[in-house]
Amino acid sequence: MTLAAENMKLVHVVAGFLGSGKTTLVERLVRHYTELGRGVGLVINEMAELDVDGAILHDHHGHKEVHVLGLAGGCVCCDLGEALVGAVGQQLSNPKVEVVIVETTGLAALAQVLSGVERATAEHSEGRLGACIGLLDAKRFEAQRARWPATDVHLVGADVVLVNHVDVATVQQRYAAVETARELAPLAQVIETSFADVDVAQLLAANHQAHPSSDQVVDTVAGFSQNTFLLKRPVVLEKLVALLRRHRAILRLKGLMLVEGREGMQLLQWSSGDSEVALSPHGGEVESGYLVAIGRRVQWERFMTGLGECLAPKKKAKLSKRPRSAALH
């Protein structure tokens, strides 16, 4: 590698199916670079109209070192392809940005995303493609492949594949996931992880290598849809869990909301197959709670009605006793 190449801004890409752990990994990458004092440009793609991951990462890491561009309301591998090229180019042109990280939506085809990133780096000589990382959920991956064959395209072209969530997977599930990852990405390094906990320096050393190209464009979002729900009142957690058990067409739910019995705004994360939702306190400023749901063939009216029934009752205003007026004599 030439000295000029070493001084170029790297563009890392993180891909993987819904709930595989992409945002957790991106947060680790951001922390790695900011601790080194390097400015990070994030390009976060969301199917939904609200950029949940971008807002979370921005709030966690402050304003100076992290520069977030959200691409919401579509998928960068197809309908937002031109927007991806522009966003990566904008980050590369920012003098405060020294490294760019692209987080795809959970439905994007990695090879098609890489094509867009390569176009952007070709137009901006200061940037080059870095590590292309694919994640999969060891516990759910084989079942996901059986239901959605397009799941495979999240790994094709990866330099590293993280077989994530091995802490909750069986030995058979782990073995099957690792073997499939090796078949889909034969040139990639395969690493088993929990909570995307990996040696970041080792991960980022896996610079992009040439992969067999394909002109085939895969429509990975066919049949999937999303909705965003604004929440003005706290949510009763037990009711929300019961709702998700009834609506099996919902595959992913995340957002920020107030929860009855808990202090402050909570970050919610849930994926199909989870028995409970994961909550963690969120210290950032949020005008209103909201949830983003992604699913396949969802009856949205029914789900919205059920979600409304999960809200805590409106508090009745307490009537204070009116003081007696002093009698005038």
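Q: Why does Trp300 count as buried?
A: In this predicted model, Trp300 has a relative accessibility of 15%, and because buried means under 20%, Trp300 counts as buried.

Q: What makes Trp300 and Phe303 an aromatic pair that is edge-to-face?
A: The two rings of Trp300 and Phe303 lie 6.1 Å apart, centre to centre, and rings pair if their centres lie within 6.5 Å. The planes of Trp300 and Phe303 stand at 85 degrees to each other, and since angles over 60 degrees count as edge-to-face, that is the name this pair receives. Both residues belong to helix 10, where they are 3 residues apart, about one turn of the helix.

Q: How do you know whether Phe303 is buried or exposed?
A: The relative accessibility of Phe303 is 1%, and the cut-off for buried is under 20%, so Phe303 counts as buried.

Q: Why is the pair of Phe229 and Trp300 called tilted?
A: Phe229 and Trp300 have 45 degrees between their planes, and because stacked requires under 30 degrees and edge-to-face over 60, this pair is tilted. The pair links distant parts of the chain, with Phe229 in strand 8 and Trp300 in helix 10, 71 residues apart. Phe229 has a relative accessible area of 7%, and as buried means under 20%, Phe229 is buried.

Q: Which residues do ring pairs link into a cluster?
A: The cluster consists of Phe229, Trp300 and Phe303, linked by ring pairs.

Methods. Residues are numbered from 1 along each chain as its sequence is written. This is a predicted model: local features need pLDDT of at least 70, side-chain atom pairs count only at pLDDT 80 or more; totals for chains, interfaces and linings use all residues. Side-chain values use heavy atoms; hydrogens and water are left out. Rings of Phe, Tyr and Trp (its six-membered ring) pair if their centres lie within 6.5 Å; planes under 30 degrees apart count as stacked, over 60 as edge-to-face and the rest as tilted. Helices (H or I, at least four residues) and strands (E, at least two) are DSSP runs, numbered from the N terminus. Buried means under 20% relative accessible area, exposed over 50%, partly exposed in between (1.4 Å probe, protein chains only).
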